[in-house]
Amino acid sequence: MPHATEESVSVETVNSGIDTTALHELDSEPRQLLDTIDKLRYLGVDSYVELPQIIVVGDQSSGKSSVLEAISRVKFPAKSGLCTRFATELVLRTSPDRKVEAQVIHPRNGYGVDHPVQPLEGYNKSSLGPDELEKIMEEAKTHMGISPQGNGFSQSVLRVQIQGPDLPQLTLVDLPGFFHVAMSKAFIEGREVVESLTARYMAQKSSIILAVITANNDLENQIVLDKARKYDPRRERTLGIITKPDTLEQNSQRERNYINIAKNREGSEYRFKLGWHVLRNRNELESEANTSYEDRDKNEKEFFQSSMWKTLGSGNKGIAELRSRLSSVLFDHVKQSLPEVIRGIEDAVTKRRQRLLGLGDARSSPGQHRAYLGGISSRFERLSRDAIRGIYSDDAFFGGGMESDDSSTADGPSPRKLRAQIRALNRAFAYVLSEKGLTRIIQMPDGNFLPESWQNNDESSYDFVQTITSSYDQFEDPVEVSWNDLNEEIKLEAMSEQGTELPGSMNPSLAFKLFKKQVSPWQGIATRHIQLVMDGVREFIDELLNHAVVDSTTRDAILLECVEPFLEQKENVLAEKLEELLGHYKGDYACQVDEAFLKQLSARLQKRMLSTKDTKTANVSEFNTEGVIDSMLTYYEMSLSTFTENIMILAIENCLIRKIPEMFQSIMVNSMDDDMLARLGSETRSVREEREMLQQDLEILDGGLNECKRYRPREAAASRPSRSSADKSSSLSNGSPSPVRPARIRVNMAGVKKLVPFNAPNKGVHGTLTPPKSEHGRKSSTGSSISPSPPAQDTPPVAQTFGTEEEQL
């Protein structure tokens, strides 16, 4: 089904009486290639892929309409009022019969179209003469929904196809002219319309810009040149057209300036890679007299032969040369653009097939719902398990590496890479718990601080971990206290709570009481860590469902019915687990491995005795407050490591992360009743319409892809030797089938390149078979040398090749 709505008008055919066979032989291949691109545009493929084209732009009164009229021999409207608000596609084709057909092509509504418009009713007309284009354009406005007073423009395109024996194989897109002076609101609005419409076409890298300027105006005043520089800064795809050269004073400096521009000399400010061309169109008197096209061409030829313009090369002036030049430019451009067009269509096909696969088959019964949800649950389980294990081999979801949009950045791991995300959160949690998970740090007489875990704590150098730690800014930093001050504080406490212990003995309850006060921030920090992990898991699940479930209705239903209840339940479980893990540290007594505790306590005591120079600190006091501090610090260091690991493993890992694949399992889908299946798996009308639209898109794109691939250029293989003429003649004469081989390009008499199969017999001007010969010393299109052979004496050279050899007629 087509991408566009078509409204057409057919016209009577007029027989020209020329040799139709010779005409078809000259231009059939270029025509087929250009018709392929036109067909893609007609079908709406340009909604997805930029198609090669020549666009005609210029200031108002630049002579742009006269240029188009001279090329097509159809009178274009040249009113000085407000411009048309749509593009006009002018399709010229060589044909023995003269025929004109007008169509309004509307972009199709739906998926993939950037600016869809409402399809219009049929546009029908019984006949159309070659001088009625102005009337057609006015009618087209109405059928595009453009009111005479409106300031909008249409995405629809007026397509005018003209066939005739004197026309080239050429397709042009005519755009409205640029405004110079806006003296009213309507003119201001019209200028904005032109700016928007022309910018959309000129910005496309696939557009050849035919920039029309007039010689009766200064170059600095020609807006089109500024626009060309803006959208083609390297000046690689602009061809300049100079009109009205006969309005210049002969032999004047101004005339010489324009001639120099037309010569496209090196270093010129207005030098274009595609060069310049000059046309002398009808003047005002000739237009009023309705001079024939033959007289127009004759007057132009006489002007160029009798003025300073005769110094300009013949290939850069005159309408006949322009037709041939534009045909060659467009043909080359289309041929060079085909690989990119094909890649673009292939990408569009791949994306639509993936989306269609995500939508699944049409589903209305419980069995279809179950099958659809079963596929989603399988993808969910597989990708979630891979994410938990840190196996990121599925490039479509996890990203393909450092260049991928989903790979890790300075802001942290991708939310899709769950294991990397959890490890970063755990690393930040461990740092913050060591840094802020204690109320006081103790400064020793030698300047060092205790506990050692705080003294030696080093924040990760990774920026994203530092970003995570900023999420704990609400927690206070520990307060500094000297060893002596803390010792005196504990003495007072020990004195008030002393019992029957001997002098110099430690009250064990003091050490644990001091410890509980020291670790009071643990609960808040651990709670914050669990919140951050839950946020990361939610983000991961959102990403996973967005990837695995195309239908937003189904995705939202799974979130509501399965995901949120699961996560709420796990939040409660984690809260209970945190209380369980903290319960021991909130109790009345400590519990630790005796041997490990004694070993660390002894090491701490020896280190303190060796490092201190204060005898008061080294000696045992009456209440052994030094032992209280040493015991508290030893127990803190051992508990810090245990608590950190317990939160990471027993809480986060065991209660949440490992359970994620159970959130939406295949076994759940198999046990769902019909009501639940319908709530999760039913499809909406929009999904059905999108599926139909995607299927239509694929039908069109696949058809366009098959058309394009017929003309995919193949690089010449320099290493493959050419068959000799004798070999080829032998294969033709002995009746054995000649292998199918790539096409090459031959140049016809009009200068238009033509695709010819390599194994096709060569024909002379009058159809006589001539043996193919290789040109001596030529290089292939890739620059590789071709094996030399005697130079051809009676055949024109080949301009360019498709395939593995380069030959000439």
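Start by selecting Arg555, which sits in helix H18 (residues 552-583); helices here are DSSP runs of H or I with at least four residues, and strands are E runs of at least two, numbered from the N terminus. You are looking at a predicted model, in which local features need pLDDT of at least 70, side-chain atom pairs count only at pLDDT 80 or more, and totals for chains, interfaces and linings use all residues. Numbering runs from 1 along each chain as its sequence is written, and side-chain values use heavy atoms, with hydrogens and water left out.

Is Arg555 buried or exposed? Arg555 is buried, that is, under 20% relative accessible area with a 1.4 Å probe, counting protein chains only. Yet Arg555 has no salt bridge (a side-chain nitrogen of Lys or Arg within 4 Å of a carboxyl oxygen of Asp or Glu). Show Asp556 next: this nearest side chain of opposite charge is 4.8 Å away. Then display the backbone oxygen of Val550, which the Arg555 side chain reaches at 3.5 Å.

Now move to helix H16 (residues 508-518) and pick Phe512 and Phe515, 3 residues apart, about one turn of the helix. Both Phe512 and Phe515 are buried. Their rings form a stacked aromatic pair, 5.8 Å centre to centre with 25 degrees between the planes; rings of Phe, Tyr and Trp (its six-membered ring) pair if their centres lie within 6.5 Å, and planes under 30 degrees apart count as stacked.

Zooming out, the whole structure holds 16 aromatic pairs.

Terms used:
Buried means under 20% relative accessible area, exposed over 50%, partly exposed in between (1.4 Å probe, protein chains only). Lys and Arg count as positive and Asp and Glu as negative; His and the chain ends are not counted. A polar contact is a pair of N or O atoms within 3.5 Å; within protein, one must be able to donate a hydrogen and the other to accept it, and residues adjacent in sequence count only if both atoms are side-chain atoms. Rings of Phe, Tyr and Trp (its six-membered ring) pair if their centres lie within 6.5 Å; planes under 30 degrees apart count as stacked, over 60 as edge-to-face and the rest as tilted.
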